[in-house]
Every structure is written in structure tokens, then in C-alpha cells.
Amino acid sequence: MKNFMRNMMATAVMATLGFVGQAIAKDLVVVSWGGAYTASQQNAYHAPYMKNNPGIKIINDDSAGTAVAKLRAMNEAGNVTWDLVDVVAADAMRLCDEGLAEVINHDKDLAAAPDGTSASKDFGGLIVSECFIPQIVYSTTFGYRTDKVSRPMSSICDIFDTKSFPGKRSLQKSPLGNMEWALICDGVAPDKIFDVLGTSKGADRALAKLTTIKSDVVWWTAGAQTPQLLADGEVVVGSTYNGRLFKMIAVDKQPVAMLWDWQIFDLDGWIVPKGTKNKAEVMKYLRFATDTQRLADQSKWISYGPARASSAPFVGKHATLGIDMAPHMPTDPNNSKTTLLTNYEFWADNKDDLDAKFNAWLLK
Amino acid sequence: MEKIQEKISLVTADGTPLKISLARAQRRGKMVAFMMVFPLLFFVAIAFIVPIADMLLFSIDNSIVKNILPKTTEALKDWSEYSGELPDEVVFAAMVEEIKSAKAAKQHTKVGGRLNYESSGFSSLFRKAGRKVKKIKNPPFKEALIESDKLWGEIYTWQVIKQNSSDYTDGYYLAALDFKRKFESGKIESLPEKDSIYLKLFFRTIVISFVIVFLTLVIGFPLSYMLSTVSTRTSNILIIFVLLPFWTSLLVRTTSWIALLQQEGVINDFLIFIGFITEDGRLAMIHNATGTVIAMTHILLPFMILPLFSVMKTIPKSYVRAAISLGAHPWKAFWKIYFPNTAPGIGAGSILVFILAIGYYITPALVGGVSGTFISNRIAYHISNSLNWGLGSAIGVILLGIVLLFFVFYDRIVGINNMKLG
């Protein structure tokens with residue numbers, strides 16, 4: 001009986017302590033894309049941070065795909081429950097425009113590079129919005145089935161060449177990327193693309209080029225679709241995010257190769273939602289998670305390029321596969337001979353218009 | 001007269017007239033009844049009426065420009081937008097001042113974003129203005145603002161701003177019905193055929209939904225008939241087969257159809273195996289309207305079977321037997337006696353399937369390709385991607401209107417009282 005009482009007491013004390021402990025621990029809700037991407041952040045940022053800061057518990061929320069709309073709804077309801085959100089650069093700009101994201105003082109809020117270079121210089125031109133903290137450079141590019149083509153694909157215009165490369169292609173159901181590629185292959189000089197695309201005639205020209213392959217296209221809406229379509233043999237070639245193709249090639253060992261020509265660079269990174277209840281803790285976490293080493297660590301888990309120039313020398317081998325990651329990075333010199341950086345300003349102005357045109361064209 | 005009435009009115013033991021006493025007792029009862037349904041009423045109001053009212057409001061709300069640029073919009077009232085001349089210095093001065101204050105509150109980009117829905121280019125115009133106005137300190141503001149971006153010197157820019165400075169707009173509805181307001185003249189024009197989107201999608205959504213209703217009925221009717229005639233034990237097992245997919249995730253069911261129907265998929269492989277088609281003639285059954293129809297018919301089938309089954313179970317078998325024994329041909333007995341009795345089930349099932357189908361968007365997005373996507377896919381796009389909630393809401397309101405319209409038609413032709421939901 002005595003033992004029993006003592007056990008009860010001990011349990012009660014422990015429960016109380018546990019409860020108090022929980023009350024002290026701060027939950028940070030970090031919103032990201034889920035899957036392999038969130039896993040890379042968990043391994044490179046969250047786990048080491050929580051180890052060093054036992055008072056912080058990071059909770060992953062995989063709803064980045066609908067984050068912009070949800071943030072706006074939270075803001076209208078006056079109850080922001082997220083602390084940090086992973087978004088693509090275009091969305092970061094829009095959230096910043098709408099006043100839904102905190103303005104960041106990059107030099108003050110973020111760590112400098114190991115050699116003392118300020119954060120804003122280290123990130124350079126990748127800080128496309130004052131609310132945006134760049135994290136990775138990814139690219140939308142093509143993968144093709146090596147066993148279903150007569151010769152390796154090497155040019156973006158091979159996509160439009162249905163004679164030499166018959167079979168279906170998968171493209172994103174969006175004007176972004178497709179219209180730029182169409183113009184490049186229609187003979188527009190790469191540096192003039194957005195001048196041309198900004199005119200009504202130019203948009204029609206891009207669509208006319210896309211019309212030549214319209215009946216051969218399977219349109220995707222989620223990044224996972226192209227790898228699946230490639231694996232099933234539904235398409236010979238398809239566009240998607242380069243990390244997805246890396247997984248197909250390096251991890252799943254599928255007969256797929258990369259077509260890097262005119263890959264379109266885009267950025268992904270953090271924004272701090274306006275109205276977060278844990279701003280101080282989040283800023284502390286951000287300083288850690290976006291430093292040179294952490295960004296380099298992430299590339300051990302996923303083939304996206306770190307956004308800091310100073311992280312490049314630290315990119316090493318894949319954490320579990322042991323293969324060299326550098327050749328798989330979109331930023332590797334061999335892969336980035338011809339590239340296009342998403343023109344954020346242009347798309348902020350013209351996306352609605354071109355998207356309407358694009359969808360009307362799809363319905364024709 | 002009054003005195004006589006008072007005299008003959010009945011009173012209770014304590015002297016109050018019976019009428020009043022009764023009313024009091026009933027009022028209490030009514031209060032109790034109201035209190036009991038109050039939580040439900042409250043829930044309906046919160047979960048149903050408020051969001052719909054909110055959506056209606058979103059589709060006409062246009063207060064952003066007026067709220068953020070009050071002085072400019074006020075000053076623009078004196079400017080005649082078709083005069084062919086730029087607004088006066090007063091308007092420019094107000095604009096510069098208000099962009100400065102909006103920039104401090106980080107709201108100038110909101111105006112730009114709102115106006116960009118009307119005309120491309122406003123987003124960057126206001127973002128740029130926010131960066132440059134701080135350098136503009138002294139009049140004349142007109143020249144200074146135009147120097148910062150020549151778009152400010154175009155009459156069109158001001159026409160767009162002026163025509164969007166009222167509290168409410170019909171612009172979203174115009175856009176949702178493929179019309180466009182020409183800001184140069186203020187006239188409303190319909191979009192050329194090649195640019196129209198929404199009318200085509202509304203039409204397609206309704207047609208495909210009807211096809212799905214028809215198919216679920218054709219498949220569901222004999223199935224429900226069988227369920228209602230076999231022994232209870234067998235029918236219970238079969239009902240589980242009907243319900244099993246119902247409990248499976250929508251995404252799982254949709255993606256299984258992809259595996260089955262795609263060109264390198266199971267069905268095509270089988271058809272080649274039995275020699276029905278050749279390797280080059282693989283059928284395209286997915287990423288088009290066919291895919292949407294097949295997958296959605298399967299997904300919505302239980303909603304047809306369950307009401308049909310519940311109605312068929314209550315139809316006495318003796319009816320048909322009586323008809324046959326009186327000399328009717330079995331087909332005639334079915335058509336004249338049995339079928340009319342199933343009408344409440346058909347009505348309920350059809351309305352249910354139709355309303356669910358018309359609002360579907362996940363399945364069409366995954367298997368519909370280009371020819372099989374619905375209007376709801378555009379709503380989803382505008383709510384979560386383009387953030388043009390006004391347009392998304394306007395399309396939503398129109399869709400709601402269409403559903404209500406069909407409901408009214410149904411009520412006129414069949415009668416809503418005739419519906420039986422199980």
C-alpha cells in the first residue's frame with residue numbers, strides 16, 4: 001500500500017512537472033510543402049534547433065500549397081495561427097503587397113556569412129521582396145525517358161519537335177514557363193522574351209507555338225504528376241521541379257535523364273506572417289535556420305541549390321545515398337549554361353491577363 | 001359592446017381571462033421550443049447563412065480604392081473621364097500625398113493589386129510609385145508623378161481608377177460572364193469567342209453533370225432493384241460493397257482510376273491482350289471529359305443507389321403481381337406500376353448527384369485534363385491562386401443561382417414534396 005501511494009505521488013508529481021514543462025515549451029507552427037521537402041527542413045533546420053533549444057517545439061504543417069489564401073483568410077478572421085510560412089517568391093511578393101507578411105531587415109535579422117559578408121550581400125539579387133527570406137533556388141525543367149527516345153534530348157525545342165520525339169509531353173497547366181519556352185523556340189531572342197510576351201501579339205505568338213503540340217500535351221497541376229506520368233510511360237518527356245526528377249533518377253533509378261536547357265529558376269523561402277503570436281521566437285529561429293551552414297545542410301537531403309552564395313562550398317554528399325550533390329544542383333555550371341530567372345515583376349502584372357488568355361486557349 | 005364581451009369572457013381561478021392565461025402558457029412553451037432549436041439556428045446562421053452572405057458581399061465589394069485613396073477619388077469626381085484631358089493638379093497632389101501615407105501603412109500595393117485585376121500593369125505601377133513618391137516633395141506634382149512613370153500621364157490610367165472608386169462594382173459579374181468594361185468609353189462589351197472562358201465552362205459543367213446523373217441512374221436503378229429484392233442478408237452484404245468505396249478517400253478512388261484508364265494502364269493493356277485494339281490504338285480514356293465522367297459516375301453512384309434503394313424497399317411486390325395477374329405484360333406492369341412508384345427516389349438521387357457533381361473540383365482537376373475540367377476549378381484557382389476573391393465569389397454566386405434555378409424547375413415539374421431521401 002505504501003508503495004502504491006508512493007507510486008501515485010510520483011506519478012502525480014511527474015504529471016505536474018510534465019504539464020508545467022509543456023506550458024513553458026513554445027510551439028512554433030512552420031508551414032511548408034510536406035513530403036521530401038519538409039523532411040529536408042526537419043533534418044537540416046528543425047531537429048538541430050530543437051536540440052539546442054529544448055523550450056521550442058516545431059510543428060510542421062504541410063499546407064504551403066494553399067498558404068496564400070489561408071493566410072489571407074486568417075488575417076481577415078484576425079487569428080493568425082502560423083509562425084513561419086514557406087512560399088515561392090511570387091507569393092511572397094503578393095503577401096508582402098497585401099500587407100500579410102512582416103517586412104524583414106535582412107542585415108539585422110539574419111546572420112552574416114562566415115567571412116563577415118552581410119546577409120543582404122550574401123543573398124544578393126535573390127531578395128526579391130522586402131518580406132522574403134530566400135532559402136533555395138529550384139528550377140522547373142524537363143526529364144525524359146531514355147528508353148523511349150531515339151537520341152538524347154538536349155534542346156528545349158525538342159519539346160516542340162514531335163517528329164523526332166513522338167509521344168506525349170506533360171506541361172504545367174499554367175502560362176508560366178510554357179509561354180517563355182514557346183517564344184524561345186519560335187525564334188525570339190532570350191533577352192527580349194518579356195518585351196514580346198507583354199504585348200497582345202506576343203502572347204498570341206506564344207500560344208500559336210504551343211498549339212503545334214497541343215494535342216500531344218498532358219497538363220499537370222501538381223508537381224508529383226510528371227514523375228508518375230514518366231514512370232508509367234504515359235509521357236516521354238515532362239516538366240516538373242528538378243528535385244522531383246532527382247529523386248526519380250538517383251533514388252528510384254528510373255530510366256530518366258535531365259534536359260536542363262533553358263531551365264527556369266525560381267526561388268522558395270520564408271515569410272513571417274503578420275500577426276504571428278511568437279514573433280521573437282520565430283526571428284531567433286530564422287536567424288539560425290537561414291545561416292550559411294544550415295542552407296548548405298539542406299542540400300544534403302534534397303537537390304535544390306542553397307540561396308546564399310557562401311553556402312556553395314559547403315554543399316557535399318547526399319546524406320543517405322552518399323552521392324555528390326553538386327552535379328545535381330540546378331545551379332551547377334554544367335546544368336546552367338542556358339537559364340531563365342522567373343520575371344517576378346512581369347508576372348505580378350501580367351499573370352491574371354495571360355492566365356485568362358491561356359485558359360481560353362486551352363478551351364478552344 | 002365591450003362591456004358585454006368582458007362579461008361573457010371566461011376567467012381562470014385567479015381571475016385573469018382565460019385567453020390571456022392561455023397565451024401566456026403558450027408563450028412559455030414557444031420560448032422553450034425556441035430555446036431548444038436555438039443552437040441549431042445559431043449553427044445554421046454561422047455555418048451557412050453568414051458565409052453565403054459574405055460571398056455575396058465579396059462579389060460586389062469594391063471599397064479598396066476608395067478607402068485607401070479617399071481624397072484622390074473625391075477629387076476625381078470633378079474630372080470628366082471622357083474629356084480627353086488629364087485630371088488637374090489637385091488630383092495628382094492628392095494621389096502623391098495618399099500614396100505616401102498608404103506606403104507608410106503598406107497599403108499602396110493593395111490598390112495596385114486590386115486595379116491589376118481590371119487592367120494589367122497597375123500592380124507594378126503602384127509598387128514603383130511607392131518607391132518613388134518620397135522624392136516628390138514640391139509641386140507641380142503632375143509633372144513629377146508623370147516623370148516617375150509615364151503611365152501616370154495616360155488618360156486610361158485615370159479612367160480605370162475613376163471607374164473603380166465607388167463602393168460597389170458589377171465588374172466581377174461582368175468578368176464571370178465573359179463581358180468586359182471598356183474603360184476608355186465606359187461601355188460593356190462581350191469578349192470575343194476566342195477569349196471567352198466562363199460561359200463555356202458553365203455550360204460544360206452543366207452538360208457533364210447531367211451526363212453523370214443519367215449514368216448513375218442507368219447503373220444505379222437495376223442495382224438498387226436487385227438490392228431491394230434479394231434477401232436481407234444478401235442485400236446487407238451488397239450494401240456494404242456499395243458503401244465501401246464511399247468510405248475510401250476520394251483521392252485514392254480518383255487516382256485508382258488513373259491507374260486503370262491511362263494509356264499504359266490496366267484496361268488498355270487488357271484490351272490489347274484480347275486483341276480488341278492494337279498497340280498504336282491505345283484509347284485515351286483519361287485526362288479528358290471521358291475520364292471525368294467515368295471517375296465521377298463511380299464516386300457519386302452511392303448517392304443515387306441509397307435513395308433509390310430506400311424507396312424501392314417500400315414498394316409492395318404485390319403491386320406488380322396484381323398487375324400481371326390482371327393481364328398486363330411484365331414490361332407494362334413495370335413501366336406503369338413499378339417505375340412511377342420509384343419516382344421519389346429517382347428525384348432525390350438525381351438532385352443529390354447533380355448538386356454534388358456541379359460543384360466538384362478535385363476529381364476533374366486530376367482526371368479531367370483540358371476538356372473535363374469544371375467551372376469549380378476556376379473558382380478554386382481564383383480563391384487560392386490568383387487571390388481574386390471577388391471574381392471567385394461572383395462565379396460561386398452564379399453557380400449557386402444555377403443550382404437554385406434547377407431546384408425551382410424540379411419543384412415545378414416533379415414537386416419537391418415528392419422527393420424521398422431515404
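**Domains of chain A.** I looked up the domain assignment of chain A, which gives domain 1 as 2–137 + 267–328 and domain 2 as 138–266 + 336–363. These bounds come from an automatic or database domain assignment. I note that this is a predicted model, in which local features need pLDDT of at least 70, side-chain atom pairs count only at pLDDT 80 or more, and totals for chains, interfaces and linings use all residues. Residues are numbered from 1 along each chain as its sequence is written, while chains are lettered from A and ligands numbered from 1 in the order in which they are written.

**Between the domains.** Taken over C-alpha atoms, the centres of domain 1 and domain 2 of chain A are 31 Å apart. I then listed the contact, to which domain 1 of chain A brings 16 residues and domain 2 of chain A 13 residues; two residues are in contact if their C-beta atoms, placed from the backbone, lie within 7 Å. On the side of domain 1 of chain A that touches domain 2 of chain A, helix H4 (89–97), strand S4 (133–145) and strand S8 (256–271) of chain A each supply at least two residues. Helices (H or I, at least four residues) and strands (E, at least two) are DSSP runs, numbered from the N terminus. H4(A) gives the most to this side, three residues.

**Between the chains.** I found 28 residues of chain A in contact with 28 residues of chain B. Helix H3 (67–77), H4, strand S6 (217–220) and helix H14 (344–363) of chain A give two or more residues each to the side of chain A that touches chain B. H14(A) provides the largest share of that side, 13 residues.
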